[in-house]
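Before reading on, please take a moment to look over the sequence and the fold, and keep both in view while the paragraphs below lead through them.

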Amino acid sequence: VNELERAKLLAAIARDAAASSDLDDCLRAVMERLHDAIHFKGGSLALPNDDGLLAIRVAVGVIDEAALAVRLRPGQGIVGTVFSSGRSFRTGDLDGESRVAPAARTVGTNRLMRSFLCVALAHQGNIVGALEIDSASADAFSAEDQELLETVATVLAGVVSLSLIAERERAARLARDDFFAAVTHDLRNPLTVIRGQTQRLLRRHGEDADTGSLGAILTQTDRLSRMVTSLLDVARFQSGSGVTLQRRPTRIDEIVALISRAVLGPENEERLRLDLAPITGTVDPARLEQVVANLVENAAKYAPAGTPIEVRLVETADLAILTIADHGPGIPLADRGRIFDRYTRIAPQRDAVHGLGLGLFVVRIAVAAHGGSVVVSDREDGTSGAAISVQLPLLPRDSAAPSRT
Amino acid sequence: VPGRYGHALRRTILVVDDDDSIRDLLEAFLGDEGYSVVSATDGAQALELVTDKLVPDLMLLDIGMPVVNGPEFVARYRRICEPPHAPIVVITARGDGERIAKEIDAEAFVTKPFELEDLAAVVKRSARPQR
C-alpha cells in the first residue's frame, strides 16, 4: 500500500466511522475496506462481552465457526494478550512463535495461518477491543501494515467507545424510567384508596360528619397525587424520555377555577380574583391541573399574606392565555430566564420560603409538552408584583384545523 | 336510586386487581351503587371464575398483576368463553392506560387515582344492559 492509497484508505475509513449509526455496520465496512487494501486471508475484530470475555464481533475473509465461537479471557492467547497489554503483535511465522499456545494452532482456520498481526483498540487509555489479520503465507505483513492497522484501530476505538457510552446510557435511562413508573404506580394505589374511602365517608355521613376534615383529606390527597405526577414528569424529562400527554376535550376555565380554589383553601377564598373566559381545549387535564396548582401555589408562597392573587383566562385565535398575577416582590429581570430551571429559588426570599424549586420547572415541562410557552412579566397595572402567563395551544399542532384555501 | 331493583336484577361486576385495598374500595363503592361485586386477585383467579358459571355484566381490570396479567387474561377469556363477552374497563395507575385499553379492545379506561363519580359514570355507561 503506497502513501497515497494509505491516505485514501484512512479518509474512507474516517468517513465510514462518521456516517454509520450502527456499530456493527461501521465495523464491518471498515474491515472490508482493510481487506480490499491489505492482502490477508482472515481478519476479525474482538470486543469484550458482558462477562468481560473477548468475542469476535465482526469477521471478514476466511474464518470458520470454531474460531468465531472462541471466548478469550484477557491475557489468554495472542489476541487476549494484545487486549490486556495494549502492545501490538506481528509475526511472519506462527509455528516458530513461542507465545502461541500449541492447542490454539489446531482450532479451525487457525491451522492455515502463518503470518499474524494484531493491534489493540485504545481510546483515552482504555483498551476496548483487538483487531487481528492473518495470512497463510509467511512474512505477509510489513511494519507499514502494522502502522496502518494501528491508525485504523485508533479510529475504531473512538467509534466503539462512543457506542458503548450510548448503549450504557440507553440502558440506564430505561432502568430509571421503569423504576419511576413502578414507584408512581405504587404511590397511586394508596392515594386512590385514601381518596375513594374518604369520598365514601363524605357521601354516607355527609350531614353529621366533620366535612371540613374530610374535605381537607381530599384536597391534600389530590395535592399528593399532583406531586407524584410532577416528580414522574421531572424524572422522565431528565432521562430524556419526554412527557406523554393524555389529551381530551377539557373545559380549561373549570379546571383553573377548581384548582385555584383548592390550592388556596377556604381560608384564602377572598384573595382569589378569578376572571375566566369559558374555553374548551384539547389538552391533558392532569397536566393543566399541575400548571395551575404550581403557579397559584407559587404566587401564594411569594406574595404577602392576604394580598390578592389574580387569575385571568382569555382566548386568542388558537391559544388559551392564562395569567396569574400577585402583589409580591416581583421577579427581577435578571432572574426571569432561569426561574423555570429546576431547583432554582431566587433570593432574597430563598431562605424564608420552603420548597424544592421544582414547581415552575414542572410548569415549563408540562406547557412545552403541549407546544405552548411561559412568559414572566411585570404586572400590567405597573404596581409591584409578578405576572406569569402561560400560552397553551387549544389543539395539538399536528391536528389543528386546516387553514382556509 | 341505585339498588332499587332488588337482588335478582342486580348487575354483576367482576373486579380484578392484585391490590387488596383497591379491591375493598371497589367492592364497597360499587356495592353502595347497587351492583353485585365479585373480585379476583389476578387474571388466573378471574379465569377460574368466568369458566365456572360467573357471567359478569362488566369487568374492571387492572393491568399489572402477578400470575396472569390484564392483557393475558383478556386474550384467554375471549378464547375460552363463548361470546357475547363482558365489556372491559381498564383501571390502571400507569400513564399509558389509554393505549393499553385500545390494544385489548376495552370499552373504556380509568386512571388511578380516580374520582368516584367518574368511575360510577364509566361503569354505568359501559356495563351490559339489564338482562
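In this predicted model, chain A holds an open sheet of five strands, which follow one another in the order β2-β1-β5-β4-β3 and pair in antiparallel fashion. At the edges of the sheet stand β2, residues 54-61, and β3, residues 89-91, of chain A, and because each of them has a single partner strand, one side of each is left without a neighbour in the sheet. From one strand to the next, the twist averages 20 degrees.

Within β4(A), A:C118 is the bridge partner of A:F89.

Helices also pack on this sheet. Helix α2 of chain A, which spans residues 23-37, touches β1 (42-48), β2 and β5 (126-135) of chain A, and its direction makes about 45 degrees with that of β2(A). Helix α4 of chain A, residues 77-85, likewise packs on the sheet, where it touches β1, β2, β3, β4 and β5 of chain A; the direction of α4(A) makes about 145 degrees with that of β5(A).

For the complex it gives an ipTM of 0.85 and a pTM of 0.63, while chain B has a mean pLDDT of 88, with 92% of its residues reaching 70 or more. Over residues 1-6 of chain B, however, the pLDDT is below 50, and this stretch has five contacts in the model beyond near neighbours in sequence. Where pLDDT is low, the predicted coordinates should not be read in detail.

Technical notes
Residues are numbered from 1 along each chain as its sequence is written. Chains are lettered from A and ligands numbered from 1 in the order in which they are written. This is a predicted model: local features need pLDDT of at least 70, side-chain atom pairs count only at pLDDT 80 or more; totals for chains, interfaces and linings use all residues. Side-chain values use heavy atoms; hydrogens and water are left out. pLDDT is the predictor's confidence in each residue, from 0 to 100. Contact means heavy atoms within 4.5 Å. Two strands pair if DSSP finds at least two bridges between them. Helices (H or I, at least four residues) and strands (E, at least two) are DSSP runs, numbered from the N terminus. Axes are lines fitted to C-alpha atoms, for helices over the stretch in contact, and angles run from 0 to 180 degrees between N-to-C directions.
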